[in-house]
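This report is for a reader who has not seen the structure before. Please look through the sequence and the model before reading on.

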Amino acid sequence: MADNLPSEFDVIVIGTGLPESIIAAACSRSGLRVLHVDSRNYYGGNWASFSFSGILSWLKEYQENSDIVNESPTWQEQILENEEAIALSRKDKTIQHVEVFCYASQDLHEDVEEAGALQKNHASVISGNPTEAAHSAYQPSEDESLCTVSCEMPTEQTPSSDQETALEINDVEVTGEKEKRYDDKTHAKSASEEETSENVPIAEDTVLQPKKNRITYSQIIKEGRRFNIDLVSKLLYSRGLLIDLLIKSNVSRYAEFKNITRILAFREGRVEQVPCSRADVFNSKQLTMVEKRMLMKFLTFCMEYEKHPDEYKAYEEITFSEYLKTQKLTPNLQYFVLHSIAMTSETASNTVDGLKATKNFLHCLGRYGNTPFLFPLYGQGELPQCFCRCKAIIDQFGQRIISKHFLVEDSYFSENTCSHVQYRQISRSVLITDRSVLKTDSDQQISILTVPGEEPGTFAVRVIELCPSTMTCMKGTYLVHLTCTSSKTAREDLEPVVQKLFTPYTETEIENEEVEKPRLLWALYFNMRDSSDISRNSYNDLPSNVYVCSGPDCGLGNDNAVKQAERLFQLICPNEDFCPPPPNPEDIIIDGDSLQSETSEFSVIPEANSETPKESTSLGNPEETSQ
Amino acid sequence: MHGRLKVKTSEEQAEAKRLEREQKLKLYQSATQTVFQKRQAGELDESVLELTSQILGANPDFATLWNCRREVLQRLEAQKSPEELAALVKTELGFLESCLRVNPKSYGTWHHRCWLLGRLPEPNWARELELCARFLEVDERNFHCWDYRRFVATQAAVPPAEELAFTDSLITRNFSNYSSWHYRSCLLPQLHPQPDTGPQGRLPEDVLLKELELVQNAFFTDPNDQSAWFYHRWLLGRADPQDALRCLHVSRDEACLTVSFSRPVLVGSGTETLLLMVDESPLAVEWRTPDGRTRPSHVWLCDLPAASLNDQLPQHTFHVIWTAGEAQKECVLLKGRQEGWCRDSATDAQLFRCELSVEKSTVLQSELESCKELQELEPENKWCLLTIILLMRALDPLLYEKETLQYFQTLKAVDPMRAAYLDDLRSKFLLENSVLKMEYAEVRVLHLGHKDLTVLCHLEQLLLVTHLDLSHNRLRALPPALAALRCLEVLQANDNAIESLDGVTSLPRLQELSLCNNRLRQPAVLQPLAACPRLVLLHLQGNPLCHAVGASEHLAELLPAVNSILT
């Protein structure tokens, strides 16, 4: 299978995170030969999503493989004399302070000891590394523009590890690519159909069960495939760069999305819904009539604040929260606007930044629904994969491959390369809970909640709660992601918020009365390295044809990744269009034939039942509702 | 760069498209021709269905072809077995759906669907409701679909409560939805029928309050959205005034009976029959309007024969029965009296509350409070200002008169495009107030001077007025309805901008008319005055016609009966 892998490429991309995948797709669209490599056995790097068992083995890897030092000298034989090797890291140091808690009751037939160990273990720091290391050799030749880089995969695998290196090749041949694309598409479809059809009986099961029947850990394990747990928790702004890119490049057909249904706020110990769209304000029961008017008036102003400079110019020097106090807004409304709509804090942004953020939020409203955000079904980890589709996947080891451009994701660099880099950290927590933080008639809500930092200097925590219909968790549970910029370890940063919003499962089992807060079934904390905004100069000794992709940033949207991908793409392919749509199959000239071959036969009967309205959003031209 | 797909250039693409279009057009035209030929030849068979479906599939707005299809289907109905027909109908329904996808607002397609469903022995209405719901999900303001939904809901006898819940769900999604609000206004009276004795079409107070809250949410959220304001107005003023005879007046001198109605009617048109009983025996009379024109009017009159007015009896009773309006009234002419009348004791409610009904005044009061609150936040919102004015009038027109006038001023400033409409509305309200004041005082003299009036209305209320002062206003005409003032003796209309006098005609008692400082240009505009038998004094100073050569002679010729014409 691997014998016929070409030995020369235009671009080699190492890492399958979102920016890398976008660049690989863009380069391939522009006709470059791209080798896309990932040493992990899953897509996405730190952008990945895992099933429940997947996340458990991801955690395990961090424990077991922490000390692998497995120098394989074979690759060195292939380094040519005029080339210089850059060692890539075998350890992934991007994840730290991993702690796991299980609150769901453990079944009797389960290994009690192991469960106990798991609980005890929670305070220990587990650091892991990827099992696979790639090494590259590099030596600038006399002619800089023609310099070659050889990419080398170690032939020897750790015997214990069944890891495989996933190689992806963009088939540059027209027919090949076409076929593959269709193959993949049908495959993807049938997979999802399978998924949903399988889901149905399960759903009935849970519904039939009486409410008292609580979810146990073994149920979670059993239903582990229902989970798609994202390492990064992000949403798509419905007018953000990523949506634009997905539409422009037609990659959107590989993904389905759901609209976030609610924006929530946490105020005075209570979770409440933030009315942000016109329909929300109209339907809101918590706002008075006058507040409705105030809020709508202010939001309408924000939509085109630039046109009314006299209304905010005098306040440019002060913070946005101070500015809000000067407006006709009740404290209630000021809180909503500051924390839930502009999503900033008391001190973080000035008037203009706040207005800009508010405008951006409002600008995204209504494109696909009543909130500005979309979530990809099956998790954020789907997105890098979308850009990776239509390629062949090959397991490949031990071959010398040459390329002009080298794109490396930050986590692959060795300590030597990064010794001077100052990384920030992201605090992350993933929870499985038994109900929503704000109960309503519908149990299929997808919510985002911002909890402002309590003391000055602490950061706001972003909470995203996903319901089972996002295909990220099993029936009867919610998957909750917490994210903030780290000031301490993830648990130290996030536990206070978790305690405010949830109660551990065990405590409440004693009392029989209805508890207000959702109960925690399982919790995971970890810190992730934030390599965004790191200047290329901070890395040691990078050759000019090696480009760096950063891992995920802490922000809510994906704009950073897209911007970075576009910037790097322009370096590799100056003056090329970034991710143009694939040509219409009808317009592709095969064998140089001309137009005569096309039979345009008269058939005015439209393709009936084009599409029945689906629950999920498919991207397209949504803005055409008019009367 | 290597590895690129070869694709057609844009010129090639354009050329390919052009050729394709040309080809399509050719086929479209030939198919149309074939259909027309077959129709003419009476070959209404399935091939016509096939051909028309090709054309309508591309252009569902081709109404003639839908007719063609109906002809074919009707013919096939007679020929086919029930099973074949069922299959045919199924295809037709599917085809209609595909046409609606091409154009969801095609009149022809929706109509055809109505027609088809109406002919089916066992139509599947549930499916049709589902179809509507789906199309309304795509565009919640598609009134074609709303229309069809109402048809389906009626046919399927869907409980109004369910349909109301449906409008709820759509208003929740986007309250800017005229159709949805309108549907509510149809459903709510069905859901809450009033006892027979009460005024029809009104809602119980608790329902009304709930609706008011809902609609308030809408206009506080977006005060510029008209749909909510329209619904608000419907909520507050839905009761039609009950048909009534407002006033009967009988005059011995003119041998004439005058009747004033609560709404304009066309007496003698078949539906509107008016029976007159004089001293309890029916009398056949000829009814006419005061200005002699046969068209709907508030006031009708008839000449009475001398026998019904003779002085031998102590009194004559005149009993008028309006059959269509189920109303009647009686008045008495006493011996020795020149005239007699009967009029409802004037209350504002009966006279002018037709636009905003009198609900419990607490409801109106609280509506007024919230509108004023909104107005403070949105001082320039015209809908809010207008609603405040209407609410004030509904509550107490006289008490709020001054405030209302101030709101009118603000409203005119923020909505200059409708200044003339607002002037007229303001005139109407001022006139109503004056009439009320006059009636409370029980006098027959009405002063309407210095009020900035631009238009005269409610003249049918002034049947008994003898002295009318309209001076110092902005009137441009004395309209035909003025002819209803059968008792008018003195009319002052100085200092206006009057150009025409159509209404100053056939006024049996008019003696004195002042028209100084107006815009009467030609003596000919005074022609209507010739029909006022008792007119003796006419003031015309300060009109353009005074400067015309030979004006006095012309006037003397035109109005020989008028003793003094001052120019």
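A crossing of two helices is left-handed if the near helix is turned anticlockwise from the far one by less than a right angle, and right-handed if clockwise.

## Basis of the description

This is a predicted model, in which local features need pLDDT of at least 70 and side-chain atom pairs count only at pLDDT 80 or more, while totals for chains, interfaces and linings use all residues. Residues are numbered from 1 along each chain as its sequence is written, chains are lettered from A and ligands numbered from 1 in the order in which they are written, and side-chain values use heavy atoms, with hydrogens and water left out.

## Helices H6 and H8 of chain B

Helices (H or I, at least four residues) and strands (E, at least two) are DSSP runs, numbered from the N terminus. In chain B, the axes of helix H6 (residues 125–138) and helix H8 (residues 160–173) come within 12 Å and cross at roughly 15°. Axes are lines fitted to C-alpha atoms, for helices over the stretch in contact, and angles run from 0 to 180 degrees between N-to-C directions. H6(B) and H8(B) are therefore roughly parallel to each other; angles under 35 degrees count as roughly parallel, over 145 as roughly antiparallel, 65 to 115 as roughly perpendicular and the rest as oblique.

H6(B) passes H8(B) in a right-handed crossing. On the H6(B) side, B:Leu129, B:Ala133, B:Leu136 and B:Glu137 meet B:Glu163, B:Phe166, B:Leu170 and B:Arg173 of H8(B), where contact means heavy atoms within 4.5 Å. Sorted by class, the contact of H6(B) with H8(B) has five nonpolar, no polar and three charged residues. Ala, Val, Leu, Ile, Met, Phe, Trp, Tyr, Cys and Pro count as nonpolar, Asp, Glu, Lys and Arg as charged, and the others, Gly among them, as polar.

## Helices H2 and H4 of chain B

The axes of helix H2 (residues 46–58) and helix H4 (residues 82–102) of chain B come within 9 Å, crossing at roughly 20°. That makes H2(B) roughly parallel to H4(B).

The crossing of H2(B) and H4(B) is left-handed. Residues of H2(B) including B:Leu49 and B:Leu56 meet residues of H4(B), among them B:Leu88 and B:Phe95. This contact of H2(B) with H4(B) has seven nonpolar, two polar and one charged residues.

## A sheet in chain A

Chain A has an open sheet of three strands in the order E10-E14-E11, with antiparallel pairing. Two strands pair if DSSP finds at least two bridges between them. The edge strands are E10 (236–237) and E11 (257–259) of chain A, each pairing on one side only.

Two bridges join E10(A) to strand E14 (residues 373–376) of chain A. A:Leu236 has A:Leu374 in E14(A) as its bridge partner.
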